[in-house]
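I opened the model to look up a few local features, and my entries follow in the order in which I made them.

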Amino acid sequence: MTDRDNISIHQTLHGYKEGHNLLASSSELNGMERRTLSVMSDYTGTGVEKGFTEYITGYPLAGSKFYAFSKTWYADEMPRPGCVWTHTLLIDLSVLWMINNLSLLSSLFRRPSESMYNSYNNSIQLNLAQVSENNPDDSVFFPFVSCQLYNGDRPLIIYSDSAKQLESAILQTWLFQWPRLRRHFSFCTGSISPRRLESKFLDLQVMPNSRKWTISKTDRLSLQHVEMEDGKCTSDWYQRYLNENKDEVLDYMRKMGADVSPLIPNFKHLFNSYLFSKQFPTASNIIDFQNILSQFESPEEGKILKADLLQKIWPSPVNKFDIIKTIANSSGFSGLKVNYDVLVLDGYSKNAFNENEIKITLEIVRSKIDKSIYADLLANLPFDRWLPHLSLYQDVIEQLISRLGTNVYKIKTIWMSDNETKDFWFNYFLEDHRTEWNILIFSLIETHTTRFCTQLYEKLGNSIYHILFDWMMEHDEALSHEWLYFIKGNLASSFEAFVNYEHYNTTLLQLFPAILSPTDSQWSKISFQLIERCLNSISTKQYLLEKTALQTFFLTGAFMGTLNDKLRATVFLFQPLHDTLEQNIFDPVTWQRFQAQMAKELYELVEVDFFSIWFPDRFKIPDWDRCEFLRRSLICAFLKFDWNLIEYVTIVTDKRTFEYIVRFCSEVKPLKKQMKILENHLLKKGSNKNFHLRVLDKFL
């Protein structure tokens, strides 16, 4: 057997020696211990009461590591009345909770023989296995004593005919207390008058029936009084306690009561907690949970118990919203580290919150956890659960954006919220040097949000158009009407950005013909050089049809007079477009628009000037003969803008094309006259080698 298999119990003996004094001790006692032991080991009153000549007392020694468990005998052999012997066992508090065999412990008490004190100077060695064995005296009075004790709110005095009558019941009551209460519990099975420890009444005392009238009126108000004749205690909770396995209850209390205040009423509260915990995992009553928490309102009390209950109640059917609301509003939980973020995420994953509940839940927990943890929580929840509610995250926006990273710019919910929310986020992004504008503007495009176009342009300049073009290139689809309107409203800057972009696909090349008319007055702001750069940068091999569409579009503007330098544009555009049309390659949309404008405006010009005779067959040009339509449109442009006839040479650079024009003009007298003027002009310049002169000579 090793030392660890034994426990050592010190002992003292008090008795009469020139007054009541310490006669022997196996331990060095400090002054406070000596004084307390001296008082508590003395006789409890005056006079002798039958049935109360021996009794047991238990109490903690203040400022000491010992619990005092003593037995007192009236020493009628002494010459002086009121003398007693008291044998006290000093049990180390660290092992007190292990002692379950009170019969064995009580058997250690020895009434001394006069002057035979030496054996009390040695400590007592006990086998741990023996004292740990649960062997209580099953007293018939246990239910009566413990029920009266735990249902009261003041120190209890029970009136009885004998100290022995309730001794087993009191010791059994002490035995089934959780360790912290057992260490602090004070009792006496035979008090002649009410006893105090450090000015406070003992928790439980038994007094003779004959002495109950000796208690002062003041003391009577501070005590709870019960007589044996009062009968059974009928408390509902206590009846349930009697029906439970007390060892199981005690084991629960040992685990959960380590930081519960050693107050008598807390026995009932711990037992109710035990009953509640037994209901899991099927418990579904939040009220019981709230009632238990209300009994442990101190943040420092019952932390183990609260943590255990929370761990058990969370997986149960109890409403998760009610649980979080309860623990957050409970002052008792403020001293406990609760992972609210974990609870909220788990509850959400189980669909435990409706839309309003998740909002209220976040409002509750935001003040309970660190800002960084709260930001993590929000980042792990779906955005639409918190983003519309600015008050939930305004003060953690920095941390939140750090958690979300570039994903924050992809959150479309932002731009689908109310204007206040949109403005808050946009203004933050506007000031944040980390903002990735391309991702953000992609989100704005996809949510049709143009509320911030002006601010974006002020911030990014023409770069905003490049981002819009990037989106069109990546998605290969047109922008929404709202964004097209923004581009249209800023034609000069957007077209310049388009020319400088130099990366195209079909969707992007169709942008300007789709949103603008060639007759739009805004084209007057666009220089010919930009149009020239634009068309020169487009690959004829890869985008012939799209390039033809733009050539048709801009030539329409030139013939309608909306382009800045219509003559230079015509020189640049006419012959390439004519050559492409000869191959029967054309864009139906822009060509139909060209036809409509020319038929409406240029032919009307001929009618007004009484030149209808020039074009008697103007309505007979077949739809497929687009080249003829284009050539006649050129002739009308010369008439409309009164261009110098020499410009025919620079515009029409293909001999065959020029032949068609001259042949047509030679058949119309006024036009033939113009061709003659052109011929004479070329002859004066000495352009004999020019094919234009030879063609004119041939037909004129």
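Entry 1: Helices (H or I, at least four residues) and strands (E, at least two) are DSSP runs, numbered from the N terminus. The model is predicted, so I note that local features need pLDDT of at least 70 and side-chain atom pairs count only at pLDDT 80 or more, while totals for chains, interfaces and linings use all residues. Residues are numbered from 1 along each chain as its sequence is written, and side-chain values use heavy atoms, with hydrogens and water left out.

I then asked which residues lie on each face of strand 5. In a regular strand, side chains alternate between the two faces of the sheet.

**Entry 2: partners of strand 5.** I recorded an antiparallel pairing of strand 5 with strand 1 (residues 6-16) over five bridges; two strands pair if DSSP finds at least two bridges between them. Threonine 86 of strand 5 is the bridge partner of histidine 14. Strand 4 (residues 66-74) also runs antiparallel to strand 5, and nine bridges join the two. There, tyrosine 67 has isoleucine 91 of strand 5 as its bridge partner.

**Entry 3: helices 14 and 15.** I next examined helix 14 (residues 320-329) and helix 15 (residues 340-349), whose axes come within 11 Å and cross at roughly 165 degrees. Axes are lines fitted to C-alpha atoms, for helices over the stretch in contact, and angles run from 0 to 180 degrees between N-to-C directions. The two helices are therefore roughly antiparallel to each other; the label applies over 145 degrees, with under 35 roughly parallel, 65 to 115 roughly perpendicular and the rest oblique.

Which residues meet here? Ile324, Ile327 and Ala328 in helix 14 meet Tyr340, Leu343 and Val344 in helix 15, contact meaning heavy atoms within 4.5 Å.

**Entry 4: positive phi.** I noted that glutamate 18, although not a glycine, has a positive phi of about 55 degrees. Glutamate 18 sits in the loop between strand 1 and strand 2 (20-25) and, at 78% relative accessibility, counts as exposed. Asparagine 584, also not a glycine, has a positive phi of about 60 degrees. I located asparagine 584 in the loop between helix 30 (566-582) and helix 31 (588-608).

Note on methods. Buried means under 20% relative accessible area, exposed over 50%, partly exposed in between (1.4 Å probe, protein chains only).
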